[in-house]
Amino acid sequence: MKPLGGGWDELLAPLFSDEKYLRIREFLKQEYSTHIVYPDMYDLYNCFRFTPVNGVKAVLLGQDPYHEPGQAHGLCFSVRAGVPLPPSLVNIFKELQSDLGMPPAKSGDLSKWAKEGVLLLNTSLTVREHIANSHSKCGWSWFTDNVIRLVSENRPHAVFILWGGNARSKKPLIDQTKHLIVESAHPSPLSAHNGFFGSRPFSRTNEFLQQNGIVPIDWDLNK
């Protein structure tokens, strides 16, 4: 694996040398060689490559990558430019417009958010084509739980944005004495009307950052 940069190699070294991670790697070698798996193996750790450890202002937690062709590229909820917007991302953009008055972006590429300091982390980093949650039992939860814990321990003031039951179950990993948790229903069309719409995650994140002397996130993807 190529170095991740941004301080992640040092922070995650104990995880990458752990027997549990080595089992994940063996599982993935088999999966990538016998099935179609998303994202591409070279995009697997993009969430770390785009956002250095010391630049993390917020953690947006997804469940697992999009499982249809051409969508997943290693950043939760994000698709590359030119790819039709998945329904959850459509709803995220609706809430962004309601919250901050920003018109929906033409592209679903959220890499600008990652470069602004939003760690776009899924709880599972891979998935088999057409089968949601197909890699949820391979060990990724152990790995990403530890990532969440390490970010909580190593950042002074961050916002953890938890949408849906899977993400909200990670609250015990986060030190709430120094970090803010912004939680709601998932933006999926099946649940967005149960508390996601109107939750104002973007403005609440920036309010907390500013209160702690941190430059707020520029959420505008149209610039």
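Reader: Which hand does the crossing of H2 and H6 have?
Author: H2 and H6 cross in a left-handed manner, meaning that the near helix is turned anticlockwise from the far one by less than a right angle, whereas clockwise would be right-handed. Helices (H or I, at least four residues) and strands (E, at least two) are DSSP runs, numbered from the N terminus.

Reader: Before going on, what kind of model is this?
Author: It is a predicted model, in which local features need pLDDT of at least 70 and side-chain atom pairs count only at pLDDT 80 or more, while totals for chains, interfaces and linings use all residues. Residues are numbered from 1 along each chain as its sequence is written, and side-chain values use heavy atoms, with hydrogens and water left out.

Reader: Back to the helices, then. At what angle do H2 and H6 pack?
Author: Helix H2 (residues 19–34) packs at about 130° to helix H6 (residues 140–154), and their axes are 9 Å apart. H2 is therefore oblique to H6; angles under 35 degrees count as roughly parallel, over 145 as roughly antiparallel, 65 to 115 as roughly perpendicular and the rest as oblique. The axes are lines fitted to C-alpha atoms, for helices over the stretch in contact, and angles run from 0 to 180 degrees between N-to-C directions.

Reader: Which residues of H2 and H6 meet?
Author: From H2 they are Lys20, Tyr21, Ile24 and Leu28, and from H6 they are Trp140, Trp142 and Phe143; contact means heavy atoms within 4.5 Å. Six residues of this contact are nonpolar, none is polar and one is charged. Here Ala, Val, Leu, Ile, Met, Phe, Trp, Tyr, Cys and Pro count as nonpolar, Asp, Glu, Lys and Arg as charged, and the others, Gly among them, as polar.

Reader: And how do H1 and H6 cross?
Author: The axes of helix H1 (residues 8–16) and H6 come within 11 Å, crossing at roughly 140°. H1 and H6 are therefore oblique to each other, and the crossing is right-handed. H1 contributes Trp8, Leu11, Leu12, Leu15 and Phe16 to the contact, and H6 contributes Trp142, Phe143, Asn146, Val147, Leu150, Val151 and Asn154. These residues divide into ten nonpolar, two polar and no charged.

Reader: Let us turn to the strands. In what order do the four strands of the sheet lie?
Author: The order is E3-E2-E5-E6, in an open sheet with parallel pairing. Strand E3 (118–122) and E6 are the edge strands, each pairing on one side only. From one strand to the next, the twist averages 20°. Two strands pair if DSSP finds at least two bridges between them.

Reader: How many bridges join E2 to E3?
Author: Five bridges join E2 to E3, and leucine 60 has leucine 120 in E3 as its bridge partner. E2 also pairs with E5 in the parallel sense, over four bridges. In E5, isoleucine 161 stands opposite leucine 60, and phenylalanine 160 is the partner of valine 59. Another five bridges join E5 to E6, where leucine 180 of E6 is the partner of valine 159.

Reader: Why is E5 largely enclosed?
Author: Five of the five residues of E5 are buried, so the rest of the structure largely encloses it; buried means under 20% relative accessible area, exposed over 50% and partly exposed in between (1.4 Å probe, protein chains only). Val159, Ile161 and Trp163 point one way from E5, while Phe160 and Leu162 point the other way.

Reader: What covers the sheet? I mean, which strands does H8 lie across?
Author: H8 lies across E2, E5 and E6, at about 165° to E5. H6 lies across E2, E3 and E5, at about 160° to E3.

Reader: Which residues of H8 are buried?
Author: In helix H8 (residues 201–211), the buried residues are Pro201, Phe202, Ser203, Thr205, Asn206, Phe208 and Leu209. They pack against strand E2 (58–62), helix H4 (87–100), helix H5 (111–115), strand E5 (159–163) and strand E6 (180–184). Just after H8, glycine 213 takes a positive phi of about 70°.
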